[in-house]
Amino acid sequence: MKSVIIPLLAILGAASHAAVLIEDHADVTYRYVPADNSWQIFYRYGGTFDTPNLEVALENAALPARDFLTTDPTRPGDRFVRDGNPGFDFIGAEEGTPFWNLPQNSRNYTWPGFRGAHPPSTLLSYANPDPRLNNLVRRWQAVELVDLHYSGAATDAPHFSLYSTNGLGAATLWMATSDGINASDRYFITDVSHNHVNWSFTELGIYRITFRGTAFRASDSQPIVSEPHTVTVAVGTLAMWRATHFSGPDIVDPEIGVPIADPDGDSLPNLIEYAFNLDPTDPDAKPITAGTGLSGLPLVQLEEVSGENRLTMEFVQRKSLSNPQILYTPQFTSDLASNTWSESGTATITDIPGTDWERVKITDSRSAGVPAKRFGRVKITLQSTPSY
């Protein structure tokens, strides 16, 4: 038995870069090929609801979840606040805390589902004994949960769940990691259909969800089992940025895709590249261009301000409204040895229209007259739990 992923990498780019951040309808698609006893597993997306016309390998794409409230009138997103309904405790989030949901019903953004695209009559038709399916007779294929790998700043255990809801708000649970992974963590599709359910996540970060397809072959009633295959979901602004630059296993590799890694070897960890609009796959470490630059390291220089020499720092930062999951702290000191950095200074902030960026210029509050020495830096802090 072997599993085949549709080989589109030659067209779409190298595996170390995410070719597609799928921000619309996308189905994890399964096709069993009897001729060589193989599975093909890939995304279908784009086009129309019934006939998506694009395909991409699972490991060369990611599903993004936006870190904005679904009720936000200016930029609606995928974040909810957990209510007290005990029927949804399986999500794994405490009451009053955030969780992120890719929806069963489209919100005109990321909308993932599962699709059976098997040749007609390939799968066995039978009455499914799973209690969630009421013995319905169909040509069934199961999607089984195998593993969950998380990469992010969360200090609490991250959880993933897959469930459907009816018109009365009741949930049918298909998968949940909040009680561990077991044999009940499976979802069912039929041979030539596609379905959508809710995908929920309890923390910001990268989720690598590993599934396995199983069915019975119509010709001899024998079980057919795919190799494990992994779907990447990027929850939040930082995770989505990671998914635009890294894909597949690279995105969680300690030496490539995590915030402290430096894959391009320019001595800047990915988190700094993210903070200052740099490319983590290109050694582009250089100061920003004063007054006009859109990316670059903070420019620290001596300028005459009101007749005195003062240190200034100029840099771009992500707007807080984009929920970047980082804090910028400009600091000055006169003594590197004593580690006496302070947040002194006056800031001028200029919007960069049409972007999630703004330009910041900090003027030190102290004179840099001879023989005094002054130093400046911008400290970047990764937030495990943002305060919205």
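Me: What joins the side chains of Asp-356 and Arg-75?

Reply: A polar contact is a pair of N or O atoms within 3.5 Å; within protein, one must be able to donate a hydrogen and the other to accept it, and residues adjacent in sequence count only if both atoms are side-chain atoms. Here, the side chains of Asp-356 and Arg-75 form such a contact at 3.4 Å. This is a predicted model, in which local features need pLDDT of at least 70 and side-chain atom pairs count only at pLDDT 80 or more, while totals for chains, interfaces and linings use all residues. Residues are numbered from 1 along each chain as its sequence is written, and side-chain values use heavy atoms, leaving out hydrogens and water.

Me: Where is Asp-356 found, and which residues does Asp-356 touch?

Reply: Helices (H or I, at least four residues) and strands (E, at least two) are DSSP runs, numbered from the N terminus. Asp-356 lies in the loop that separates strand S23 (346–351) from strand S24 (357–367). Contact means heavy atoms within 4.5 Å. Not counting residues up to four places away in sequence, Asp-356 touches Arg-75, Gln-317, Arg-318, Lys-319 and Ser-322.

Me: Why does Asp-356 count as partly exposed?

Reply: Buried means under 20% relative accessible area, exposed over 50%, and partly exposed in between (1.4 Å probe, protein chains only). Asp-356 counts as partly exposed because its relative accessibility is 30%. By contrast, Gln-40 is buried because its value is 19%. Gln-40 belongs to strand S4 (residues 38–45), and its side chain makes a polar contact of 2.7 Å with that of Arg-31.

Me: Is Gln-104 buried or exposed, and what does its side chain reach?

Reply: Gln-104 is buried, with a relative accessible area of 16%. Its place is the loop between strand S8 (98–102) and strand S9 (111–116). The side chain of Gln-104 reaches the backbone nitrogen of Thr-165 at 2.8 Å. Leaving aside neighbours within four places in sequence, the contacts of Gln-104 include Trp-111, Tyr-163 and His-196.

Me: In which order do the five strands form an open sheet?

Reply: Strands of a sheet pair through backbone hydrogen bonds, either parallel or antiparallel; two strands pair if DSSP finds at least two bridges between them. In this sheet the order is S7-S8-S16-S12-S13, with antiparallel pairing. Strand S7 (79–81) and strand S13 (171–176) are the edges, each pairing on one side only. Between strand S12 (residues 160–165) and S13 there are five bridges, and Leu-162 has Met-175 in S13 as its bridge partner.

Me: How many residues of helix H2 are buried?

Reply: Eight of the nine residues in helix H2 (residues 237–245) are buried, among them Trp-241, Arg-242 and His-245. For the protein as a whole, 50% of the 388 residues are buried. Its secondary structure comprises three helices and 25 strands.

Me: What pLDDT does the protein average?

Reply: pLDDT is the predictor's confidence in each residue, from 0 to 100. The protein averages 92, and 94% of the residues score at least 70. Residues 1–16, however, have a pLDDT below 50, although this stretch has 43 contacts in the model beyond near neighbours in sequence. Where pLDDT is low, the predicted coordinates should not be read in detail.
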